Amino acid sequence: MSEPRPIRLALPLIDDEELREVEGVLKSGYLTQGPKVAEFEELIAGLVGTRHAFAMTSATTALHLSLVALGIGPGDEVIVPDFTFPATANVVIQQGARPVMTDVDLATFTMDPSDLARRITPRTRAIMPVHAFGLAADMQPIMAVADEHGIPVVEDAACAIGASYRGRQVGGFGALGCFSFHPRKAITTGEGGMVTTDDAVLADRIKLLRSHGATRKDGRFTFEAAGFNYRLSDILAAVGVAQFRKLERIIQTKRELADQYRDLLSGIEGVAAPVEPSWGGHVYQSFVTMLDDRIERDGVIDRMRADGIETTLGTYALHAQPHFQRAFDMRPGERPNSYRAFRQSLTLPLYPGLSEDDLVRITDVLRTAVARPIPAA
Ligand SMILES: *Cc1c(COP(=O)(O)O)cnc(C)c1O
């Protein structure tokens, strides 16, 4: 009997379209930030519905530059959800400010708005909700808290390009929105990111700081600020332009696969499929399930890998990571929902190349893997 084909967790959809776009740039001789970046930015601004979009080298640099543009520095607090990829909080620390972690809602894995309201202090200078795994955070109550206190919102939309909240695209709710084009996201440029904003002053600052703090007049540079080089190359933007044409199809296919997954998972005890809350718009960057506490999640990952199926945890509980524990004197479990999601979440493979047969195989292997009892300690 032949070994079944291994199933990867995620697989970008790359073909000749990307190659042709890249070839055009390479032959043009213009390789740094240029016309392809401008074209890619226009596409993203058009989708998100903001006046401006600025391409960056990653979502992490997009988030960092957003905080710099807002003037976040030492003594400031920035509120982030505890259950997120650590980059969300690392950029706060890099500005000398303090990340303040809220717990998350376990049904949606996003910032708990009532916990947010409790953690506002006179030092709070920004709120950074995360649109987790392609699902928007509950922006209505979050924006209400932010507006009540006059605090700017930076949306970490790194994994949520194309996601919407009550019919409106994410990335346009806060003062700034940040996207990623890492290969694990819906569309990719290899590495890459984007900042979106409607604010003309913030837009000017972002533009200046993205490229060495330099302005150019009559072919001469003047340096106005200690800026960065966070520019995206036209080579990568060309990949982004080709990828963008596929975005709608990718999201549609992933949503259909997610529905099939939900049907297949409904018969497996102890495994909860992701829910789509009232605000909708989930684009399933990742399909993240929750396992009952009696199931040892890491054992499930190992058993599924032995059967050729790649899975992983959902994401990380910041407060339980060594750096955050040491720097902010936190103990594992202080954000109980986040901690539980960190230990019991399981991401299943999801990308357009998967067939219904693949999903049947994945869920069959999962059914067997979760049925085993926890080994004695
Ligand atoms: C992927 C991701 C990031 C980091 O994106 P990069 O482009 O790799 O820097 C940050 N935050 C969240 C929520 C993410 O999913």
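**Figure 1. Crossing of helix 2 and helix 8 in the predicted model.** The axes of helix 2 and helix 8 cross at roughly 40 degrees and come within 8 Å of each other. The crossing of helix 2 past helix 8 is left-handed. Helix 2 contributes Pro35, Lys36, Val37, Glu39, Phe40, Leu43, Ile44 and Leu47 to the contact, while helix 8 contributes Asp234, Ala237, Ala238, Gly240, Val241 and Phe244. Sorted by class, the residues of this contact comprise 10 nonpolar, one polar and three charged.

Figure 2. The buried residues are Asp234, Ala237, Ala238, Val239, Gly240, Val241, Ala242, Gln243 and Phe244. Their covering includes helix 1 (residues 16-28), helix 2 and helix 9.

**Figure 3. The N-terminal cap of helix 8.** Serine 233 caps the N-terminal end of this helix. One of its side-chain oxygens is placed 2.9 Å from the backbone nitrogen of isoleucine 235.

**Figure 4. The largest nonpolar core.** This core contains 44 residues, and those with the most contacts inside it are Phe40, Ile44, Leu116, Ile127, Met139, Phe179 and Met194. At least two core residues come from each of helix 2 (35-48), strand 1 (52-56), helix 6 (139-149), helix 8 (234-244) and helix 9 (247-265). Phe40 and Ile44 of helix 2 also take part in the contact with helix 8.

**Figure 5. A second, separate core.** This core has 32 residues, among them Leu63, Ile72, Tyr230 and Met330.

Notes: Residues are numbered from 1 along each chain as its sequence is written. This is a predicted model: local features need pLDDT of at least 70, side-chain atom pairs count only at pLDDT 80 or more; totals for chains, interfaces and linings use all residues. Side-chain values use heavy atoms; hydrogens and water are left out. A nonpolar core is a set of buried Ala, Val, Leu, Ile, Met, Phe, Trp, Tyr and Cys residues joined through side-chain atoms within 4.5 Å. Buried means under 20% relative accessible area, exposed over 50%, partly exposed in between (1.4 Å probe, protein chains only). Helices (H or I, at least four residues) and strands (E, at least two) are DSSP runs, numbered from the N terminus. Contact means heavy atoms within 4.5 Å. A polar contact is a pair of N or O atoms within 3.5 Å; within protein, one must be able to donate a hydrogen and the other to accept it, and residues adjacent in sequence count only if both atoms are side-chain atoms. Axes are lines fitted to C-alpha atoms, for helices over the stretch in contact, and angles run from 0 to 180 degrees between N-to-C directions. A crossing is left-handed if the near helix is turned anticlockwise from the far one by less than a right angle, and right-handed if clockwise. Ala, Val, Leu, Ile, Met, Phe, Trp, Tyr, Cys and Pro count as nonpolar, Asp, Glu, Lys and Arg as charged, and the others, Gly among them, as polar.
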